[in-house]
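Please examine the arrangement of strands, helices and core residues in the model shown below.

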Amino acid sequence: MQIKEEKQNAVHIFRLDGRLDSNTSPVFEEKVSDAIAKGAKQMVIDFEKLEYLSSAGLRVILKTTKDLKRLEGKLVLCSMADYVREVFEISGFDSFLPITATRDDALKKF
Amino acid sequence: MSSKKITFKLENKLSELKRLHQQLEAFAKEHQLPLKDIFEINLCLEEHFTNILSHGYADRETHWIDITLSVEQEKFIACIEDDGIPFNPTAVPAPDFKCPLEERKVGGLGVHLTRHYLDSMAYQRRGGINILMMTKKIDSQAEGV
């Protein structure tokens with residue numbers, strides 16, 4: 001999996017490319033923790049190029065949501081394929097996480 | 001004629017997920033399985049495989065997990081066998097979705113997703129081996145690989 005990071009004003013954006021599974025999610029978790037340690041409170045995760053995720057990926061997303069909430073920050077997810085979005089819905093994650101169709105829409109949430 | 005069945009072994013380490021994915025892709029391509037079904041089957045296999053790794057073995061030895069994938073009459077069947085401690089995923093309770101965010105846990109979510117995506121899941125323990133049979137109907141109208 002490839003993880004790209006960029007900043008747009010105060011929003012820290014992660015772009016995931018590939019597979020977020022039990023094998024690769026610890027790498028992503030570490031990058032998110034680093035960003036939070038460096039002061040990121042507003043975050044977007046762009047799923048446009050994400051092919052696959054399992055509950056290991058959901059675990060990182062849940063942890064990030066809780067960490068950012070504690071800091072009075074916010075996490076927004078965007079650009080998911082339908083089958084990826086379904087994983088979030090079946091898990092009930094769409095009830096507490098904003099998921100937008102595009103990255104521009106995600107940035108408007110801040 | 002394409003083979004209706006493949007069997008392979010995975011070692012009890014997370015890096016084997018890559019091989020699991022490769023084996024499944026090759027099998028799916030041969031049988032022109034729809035992309036969405038491949039995604040869902042991959043997820044179910046990963047969730048069970050990682051549960052075996054997390055809970056199955058108290059020692060630090062190498063263990064092998066046997067996986068058989070087959071297709072018959074528009075049904076995909078996966079059989080996973082491991083020699084870990086008895087673990088019946090069909091008995092795992094559903095996660096609590098009503099609790100507040102702070103108390104939400106990921107434990108149980110893998111099995112929850114697996115139940116959602118599969119048509120059936122059957123467990124038996126035989127001769128010190130956990131045997132899990134997963135069945136999923138294939139959507140023959142959907143787009144193949």
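In this predicted model, strand S2 (residues 64-72) and strand S3 (residues 75-82) of chain B run antiparallel and are joined by seven bridges. Within this pairing, Thr68(B) stands opposite Cys79(B) of S3(B). The loop between S2 and S3 of chain B contains Gln73(B), whose phi is positive, near 45°, although the residue is not glycine. Gln73(B) counts as exposed because 6 other C-beta atoms lie within 10 Å, and the limit for exposure is 12 or fewer.

S2 and S3 belong to an open sheet of five strands in chain B, ordered S1-S2-S3-S5-S4 with antiparallel pairing. Strand S1 (5-11) and strand S4 (120-126) of chain B form the edges, each pairing on one side only. On average, neighbouring strands of this sheet are turned by 15° against each other, direction ignored. Helix H1 (residues 17-30) of chain B lies across S1 and S2 of chain B and runs at about 175° to S1(B).

The largest nonpolar core comprises 54 residues; those touching the most other members are Val44(A), Ile45(A), Phe47(A), Leu24(B), Ile41(B), Phe49(B) and Ala78(B). Helix H2 (residues 35-55) of chain B supplies the largest share of this core, with nine residues. Beyond residues up to four places away in sequence, Ile45(A) touches Phe14(A), Leu16(A) and Leu77(A).

In chain A, the loop between strand S1 (2-8) and strand S2 (11-20) holds Asn9(A). Asn9(A) is not a glycine, yet its phi is positive, at about 55°. Asn9(A) counts as exposed because it has 7 C-beta neighbours inside 10 Å.

Terms used:
Residues numbered from 1 in each chain as written. Chains lettered and ligands numbered in written order. Predicted model: local features only at pLDDT ≥ 70, side-chain atom pairs only at ≥ 80, totals over all residues. Core = buried A, V, L, I, M, F, W, Y, C linked by C-beta atoms within 7 Å. Buried ≥ 20, exposed ≤ 12 C-beta atoms within 10 Å, placed from the backbone. Helix = DSSP H or I, 4+ residues; strand = E, 2+ residues; numbered from the N terminus. Contact = placed C-beta atoms within 7 Å. Pairing = 2+ DSSP bridges. Axes fitted to C-alpha atoms, helices over the stretch in contact; angles between N-to-C directions.
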